[in-house]
Structure formats: C-alpha cells, structure tokens
Amino acid sequence: MKRETNQMIFGIRAVIEAIHSGKELESLFIQRGLSGELLKELKVLIKDQGITYQQVPVEKLDRITKKNHQGVIGVISPITYHKIEDVIPHVYEIGQVPLILILDGITDVRNFGAIARTAACAGVHAIVVPSKGSAEINPDAIKTSAGALYKIPICRHEHLLSVVKFMQESGLQIVACTEKTKESIYTPDFTAPTAIVMGAEDIGISDNIIRNADLLTRIPMFGEIESLNVSVSAGVIIYEAIRQRFK
C-alpha cells in the first residue's frame, strides 16, 4: 500500500495560488539563486503572511520530487494552525483556566505526536510551536497522535519569546521543565493559569525562554538513567497539573 504523504505543490504560481486560497503551508522550499518578478511577488506574499521558507540548492528539490518543480516546492499542512492570541481569550470566555503547552525545539515527529496525544487526553487547551526548528506535522506525527493533532489547537509562531511575554501579560505563569534547577514539578501551583515549556532532548529549552520563565522545575530522578524521553516527561508534568486541578 502506498504510504500517505502531505500534499505537495510545485512552481511559484501554484504556491501563490495556494496561499491566496487559504492553504496552510507546512514547509516551503525555494531554490537558492532563483530570481524573477514572479518570485518577488511570492516573497512579498509570504512576508505579508508570516510564512517561513528555506533556501536550498536545486539538488535538494530534485531529491524531493522528479516533477518539474520550477525551483519552488510547497508542502500543504494537513491541519489548520491557530493563533495563541485567539485561543487564550476564548479559554477565559468559556470559564476555564488556561493550560497551554509550549514545545521549544522538539523535532522528532513521533515524540511530537505522542505529546499531542497526551495533551489532548488531558484537556490541554493548545500546543505552541516555533515556525522554525519544530517537528513537521505529517502522517507519521498524526498517526502517533492517534488523530489528536486534528483536535487540539496547534499554534505556530515565529518568536516563542514574544508568545511567552503575551501569555504573561494575559495572566499565565510560565513553568519551564528543565534540569537547570533543583525545584521539583510538585512545587508550582498548577491551578493557576499556566503554560508549561518542554525543550528538545539534546539541548533543552532555549536560554531566552529559561531567563523569562516564572518558574523552573524538574522531574525527580532516582535511578541510574538521568533523563526521560521528552514525550514521557511531558506526560508526567501535564498530569501533575491535572492532579492539582482535580484533587
């Protein structure tokens, strides 16, 4: 059976039309050194829409497809992204206490899918990811999430620090799960409006997020293995928040 893939579109005009029609692009590749009036039109459009792209050698495009790509390949996202500026006011309006998950640099699609599944089961209101340096939402991620990526709002933003500051201004505490502290995950009051930050397994949470977090916490470790898989860690801290809220 043919493996499912995200829908690809090829050529500058096709990508422009897709954006105008409201399609969400999961990724966009533009051939390095490409020029022309139509490309200028595309770059103005993606700047206006806040769409990120990668400039790559033609060899990479040729590896992606054998079709006539004309120097541009777009990958249409299987989901519709949300804006955190819309999600948080809605959560308050329906009388609930926000619980948001920020994933800073998690690139493994299966980890991402597993985290989304746990978050959806726990009633997390949204997951925030960066525009660059985040796992692609593709069939593998959706399968691992058991379809949760279709149900929980995913918010993609260019600058996570700006999102953090917006959340703080909206009354949320930022709780970063990191090894750079002695405070345990049982210290914060998760009954308050909260955003939990999880970082990449190799480098953790970025320094600017660490510096601006309200609280740093860590999962206690007692065995010879010093770290958990990030999807497991996310489940542990999310359900500590749920335990406090429903005790």
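Helices here are DSSP runs of H or I with at least four residues, strands are runs of E with at least two, and both are numbered from the N terminus. The structure is a predicted model, so local features need pLDDT of at least 70 and side-chain atom pairs count only at pLDDT 80 or more, while totals for chains, interfaces and linings use all residues. Residues are numbered from 1 along each chain as its sequence is written, and side-chain values use heavy atoms, with hydrogens and water left out.

Side chains of opposite charge can pair when their charged atoms come close. With a salt bridge taken as a side-chain nitrogen of Lys or Arg within 4 Å of a carboxyl oxygen of Asp or Glu, the whole structure turns out to hold 6 of them. One of these is a pairing of Glu41 with Arg13, at 3.8 Å from N to O. Glu41 sits in helix H2 (residues 37–49) and Arg13 in helix H1 (residues 12–20), so this bridge ties together parts that are 28 residues apart in sequence. For burial, the scale is relative accessible area: buried is under 20%, exposed is over 50%, and partly exposed is in between (1.4 Å probe, protein chains only). On that scale Glu41 is partly exposed at 35%, and Arg13 is partly exposed too, at 39%.

Next comes Asp140, which forms a salt bridge with Arg110, their closest N and O atoms being 3.9 Å apart. This pair also links distant parts of the chain, with Asp140 in helix H6 (residues 139–144) and Arg110 in helix H5, 30 residues apart. Asp140 counts as buried because its relative accessibility is 18%.

Arg243 is partly exposed at 44%, whereas Glu240 is buried at 5%. Elsewhere, salt bridges that share partners join Arg13, Glu17 and Glu41 into one network.

Helix packing is the next topic. Two packed helices are described by the angle between their axes and the distance between the axes. The axes are lines fitted to C-alpha atoms, for helices over the stretch in contact, and the angles run from 0 to 180 degrees between N-to-C directions. H5 and H9 pack at about 15°, with axes 9 Å apart. The crossing of H5 and H9 is right-handed, the near helix being turned clockwise from the far one by less than a right angle. Contact means heavy atoms within 4.5 Å, and the residues of H5 that meet H9 include Asn111, Ala114, Ile115 and Thr118. On the H9 side, those involved include Val230, Ala234, Ile238 and Ile242.

Helix H4 (residues 84–93) and helix H7 (residues 160–169) form another such pair, their axes coming within 11 Å and crossing at roughly 20°. H4 and H7 are therefore roughly parallel to each other, and they cross in a right-handed way. Here Ile84, Glu85 and Ile88 of H4 meet Val163, Phe166 and Met167 of H7.

His125 is in the loop between helix H5 (109–122) and strand S6 (126–130), and it is buried at 14% relative accessibility. The side chain of His125 makes a polar contact of 2.7 Å with that of Gln96. Such a contact is a pair of N or O atoms within 3.5 Å; within protein, one must be able to donate a hydrogen and the other to accept it, and residues adjacent in sequence count only if both atoms are side-chain atoms. Leaving aside neighbours within four places in sequence, His125 also touches residues including Val87, Val91, Ile152 and Pro153.

Ser145 lies in the loop between H6 and strand S7 (154–157) and is buried at 1%. A polar atom of the Ser145 side chain lies 3.3 Å from the backbone nitrogen of Leu149. Beyond neighbours within four places in sequence, Ser145 is in contact with Gly113, Ala116 and Arg117.

Finally, Val175 belongs to strand S8 (residues 173–177) and is buried at 0%. Val175 and Leu101 are 74 residues apart in sequence, yet 9.7 Å apart in space, C-alpha to C-alpha.

Technical notes:
Angles under 35 degrees count as roughly parallel, over 145 as roughly antiparallel, 65 to 115 as roughly perpendicular and the rest as oblique.
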